[in-house]
Amino acid sequence: MGRKRILAIDPGYRTGCKVVVLDEQGNLLDHTVIYPTPPANDFVGAGDALCYLVNRYRIDAIAIGTGTGGRETERFLRDVVFTRRVQIFMVNEQGASIYSASEVAREEFPNEDVTVRGAVSIGRRLLDPLAELVKIDPKSIGVGQYQHDVNQARLKDSLDYVVEACVNSVGINVNTASRQLLSYVSGIGPTLAGNIVKYRAENGPFKTRSELMNVPRMGEKAFQMCAGFLRIPESANPLDNTAVHPERYDLVEQMASDVNADVAKLTRDRNLLHKIELDRYVTKDTGLPTLTDIVLELEKPGRDPRETVEEPVYDDSIKKIDDLHIGQELSGKVNNITAFGVFVDLGMKENGLIHISQLSDRFISSPADVVRIGQRVNVKVIDIDVARGRIALTMKGIPQ
């Protein structure tokens with residue numbers, strides 16, 4: 001969601017809902033407990049407390065954990081009349097309890113209990129999920145039902161590779177990234193990540209990428225590997241906020257000079273970029289694919305390749321499995337993909353299952369050929385087993 005002020009709620013029944021307030025950087029500003037769920041059902045008191053926090057801290061969005069009491073809390077929140085526009089999101093809280101009891105959480109919040117830390121994790125996942133989830137062992141965030149049946153060493157290697165690929169694809173702001181996030185960047189291990197954070201704390205934010213060379217144990221090789229993945233939005237050189245590697249800065253400056261512009265103007269004017277004849281710059285060390293990637297990066301400096309989160313829309317009349325009937329058409333969100341099908345969040349406790357045979361009219365070898373995690377889909381109910389809490393869905397013949 002980016003830089004927004006977040007109010008995060010870790011829902012519960014008897015012990016109440018833990019509420020925390022986070023600023024744009026994810027720092028904890030305030031926390032309390034409300035009781036809008038059974039057995040207390042304190043709707044008035046909880047509503048007043050939330051309205052006060054939303055107004056005082058200028059809250060932009062509310063994140064609700066998907067655990068016990070999550071849907072009841074969401075329905076309560078949608079009935080509260082706030083004096084400012086506030087978006088409401090359900091956030092997957094798998095692994096939040098693991099984080100709240102971890103050494104990382106104790107370092108961040110030594111004076112707060114595990115319930116507050118867990119709520120903070122839920123809120124930060126709405127701000128920047130990648131930065132928060134890297135603090136948790138991937139095996140704790142629901143990566144698949146057969147994860148304990150495979151070779152654990154190979155599983156760890158595969159999961160670590162996926163996390164590293166995600167971090168390097170997105171890129172990170174070196175002035176705000178945590179030690180855990182930095183350690184997943186190519187060329188940076190836990191020790192060097194700690195040194196970067198320590199240097200930043202002692203000397204202030206990095207002003208240029210070249211300043212990274214002042215960090216203890218940052219050698220030429222490590223810098224060469226990591227520099228392209230580290231962003232500095234506030235740098236005077238616009239290239240420091242792109243995936244263009246410092247080794248190619250001279251090349252970009254030459255391109256800009258050849259079209260009678262500076263680099264800053266080049267990143268603002270797409271017409272100038274399209275005037276560049278890339279074939280002129282092909283050398284033994286720099287091929288056409290590299291040059292094409294550079295131009296694509298200059299078109300959108302500082303971009304985040306991730307999509308902006310959208311507020312989900314569920315059918316308000318569907319609150320429990322008893323409200324469903326066969327033939328009913330619904331909208332939901334894909335929250336898990338397995339070899340045999342896809343699980344869809346319908347806005348209630350139970351997820352629906354689209355078997356692989358019900359995903360498409362054509363033959364497919366994998367559900368991932370048709371859908372992706374987080375995708376909004378339109379489905380139809382084809383079977384309901386209330387006793388076992390199972391809902392069978394289909395996408396066949398349903399316009400998407």
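This is a predicted model: local features need pLDDT of at least 70, side-chain atom pairs count only at pLDDT 80 or more; totals for chains, interfaces and linings use all residues.
Residues are numbered from 1 along each chain as its sequence is written. Local features need pLDDT of at least 70, side-chain atom pairs count only at pLDDT 80 or more, and totals for chains, interfaces and linings use all residues, while side-chain values use heavy atoms, with hydrogens and water left out.

Select helix H1, residues 43–56, which holds Ala46; helices (H or I, at least four residues) and strands (E, at least two) are DSSP runs, numbered from the N terminus. Ala46 counts as buried because its relative accessibility is 1% (buried means under 20% relative accessible area, with a 1.4 Å probe and protein chains only). Leaving out residues up to four places away in sequence, Ala46 touches Ile34, Tyr35, Pro36 and Phe76 (contact means heavy atoms within 4.5 Å).

Next, go to the barrel. Five strands close into it in the order S8-S9-S10-S12-S11, with mixed pairing (two strands pair if DSSP finds at least two bridges between them).

Select S9 (residues 341–345), which pairs with S10 in the antiparallel sense over five bridges. Phe343 has Leu353 in S10 as its bridge partner.

Move on to S10 (residues 351–355) and S12 (residues 390–394), a parallel pair with three bridges. Here Leu353 has Ala392 in S12 as its bridge partner.

Finish with S11 (residues 376–385), which runs antiparallel to S12 and is joined to S12 by five bridges. Val381 stands opposite Leu393 in S12. S11 and S12 form a hairpin with four residues between them, and Gly389 in the turn has a positive phi of about 65°.

How values were computed
Buried means under 20% relative accessible area, exposed over 50%, partly exposed in between (1.4 Å probe, protein chains only).
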